[in-house]
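My notes are below, in the order in which I looked.

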Amino acid sequence: MTDRRTIIRSVGAYLPAQVMTNDDLSKIVDTTDEWIQQRTGIKQRHIAAEGENTSDLAAAAARKAMENAGITIADIDLIIVATTTPDMTFPATAAVVQQKLGMHHGAAFDIQAVCSGFVYAVATADSYLKNGLGKRALVIGAETASRLLDWTDRTTCVLFGDGAGAVVMEMGKPGEDRGVLATALRSDGQHWNKLYVDGGVSSTRTVGHVRMEGKEVFKHAVGMITDVVYKVLDDTGNTIADLDWFVPHQANKRIIDGAGVKLGLPPEKVVVTVDRHANTSAASVPLALNTAVADGRIKRGDLVMIEAMGGGFTWGASLIRW
Ligand code: ACO
């Protein structure tokens, strides 16, 4: 192990061109713009085009992240894709992304932790790089969640969207004070059947659709989120007041607000994109990071908390000096 930290050098994102508004949805299922906005804060979501796969979204976001870092694929030796919607059952979507980016060296694999996947992937890349297994990683969250939805079930199909976000992670210089300061990962499989997909290779030999006990998810979300946020703050000797930005998983505006209130966070420090992107599962945190970096809110030296909670249940948070 080393006392150097891993830093996030750049961010990139990709959203499919097609936008589906709540009014568009109300032509498919019995719902209204008012109901969706009131219960979730969502106004619209992006939907991948026919033939556009998770690996296409991931590769596009990765190219942007590399461009923003001023590097090429030759400088990368690890690709991690956090996804619940792989192109195929195997190989890993990361391998397909590797092919699309023209990379023949290094390693590539997927992480499946549903909506917490990006936080799990950041933690994995952090350990991988610190242990000297590689020098620079593309860490990507990418989803075509629209392909997992039952478009006749209004209780789930209004919540999700497609997209991808990526970061370039690398070892910082000795003595550099920025980088990943601490991460907490958690899961508790007793809750798996509160949010799951009712199909799978081994069980049904089908892909299946998202099924959810919305109230149960809601009930657990705020407590789980605040638990890991306090853990990484305690581990690093920081407090809520030290945070410059809180970048939560974008599942639902009411969950984000509930966590913000419980933590005592001023709303202006919370990055919210769920209104435009809906819940993009593992892509939501890097998409939100990309938004706040691109519009100039998150700057070098800022203290940034990312967190997520989702199927499993899994949950996690990471504190990053930007
Ligand atoms: N449009 C209109 N009416 C609807 C819709 C819809 N899209 N969906 C449900 N309803 C109806 C229900 O049928 C019900 O009608 P009824 O009273 O006649 O039976 C009524 O609205 C209320 O339904 P509830 O399920 O009680 O609504 P609730 O207030 O719990 O809101 C929601 C549902 C938004 C899903 C909420 O439970 C929630 O936010 N849960 C968190 C889950 C979440 O965000 N999951 C995302 C994935 S998990 C993650 O990423 C963390």
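These entries go through helices, then backbone angles.

**Ground rules.** I am working from a predicted model, in which local features need pLDDT of at least 70 and side-chain atom pairs count only at pLDDT 80 or more, while totals for chains, interfaces and linings use all residues. Residues are numbered from 1 along each chain as its sequence is written, and side-chain values use heavy atoms, with hydrogens and water left out.

**H7 and H8.** I looked up helix H7 (residues 214-236) and helix H8 (residues 253-263), whose axes come within 9 Å and cross at roughly 45°; helices here are DSSP runs of H or I with at least four residues, strands are runs of E with at least two, and both are numbered from the N terminus. The axes are lines fitted to C-alpha atoms over the stretch in contact, with angles from 0 to 180 degrees between N-to-C directions. H7 and H8 are therefore oblique to each other, a class left over once angles under 35 degrees count as roughly parallel, over 145 as roughly antiparallel and 65 to 115 as roughly perpendicular. On the H7 side the contact (heavy atoms within 4.5 Å) includes Phe218, Ile225 and Tyr230, and on the H8 side Arg254, Ile255 and Leu263 are among the residues involved.

**H5.** For helix H5 (residues 117-130) I checked the length: at 1.5 Å a residue its 14 residues should span 20 Å, and its end C-alpha atoms are 20 Å apart, which agrees; the expected span is 1.5 Å times one less than the number of residues. I also noted that 12 of the 14 residues of H5 are buried, where buried means under 20% relative accessible area, exposed over 50% and partly exposed in between, with a 1.4 Å probe and protein chains only. Asp126 and Lys130 are among the buried residues.

**Backbone angles.** I kept in mind that most residues other than glycine have a negative phi, and that most peptide bonds are trans. A cis peptide bond, with omega about 5°, joins phenylalanine 90 and proline 91, and proline 91 sits in the loop between S4 and H4. Another cis bond, with omega about -10°, joins glycine 312 and phenylalanine 313.

Which residues other than glycine did I find with a positive phi? Arginine 205 has phi near 60° and is exposed, at 76% relative accessible area, whereas serine 281 has phi near 55° and counts as buried, at 5%.
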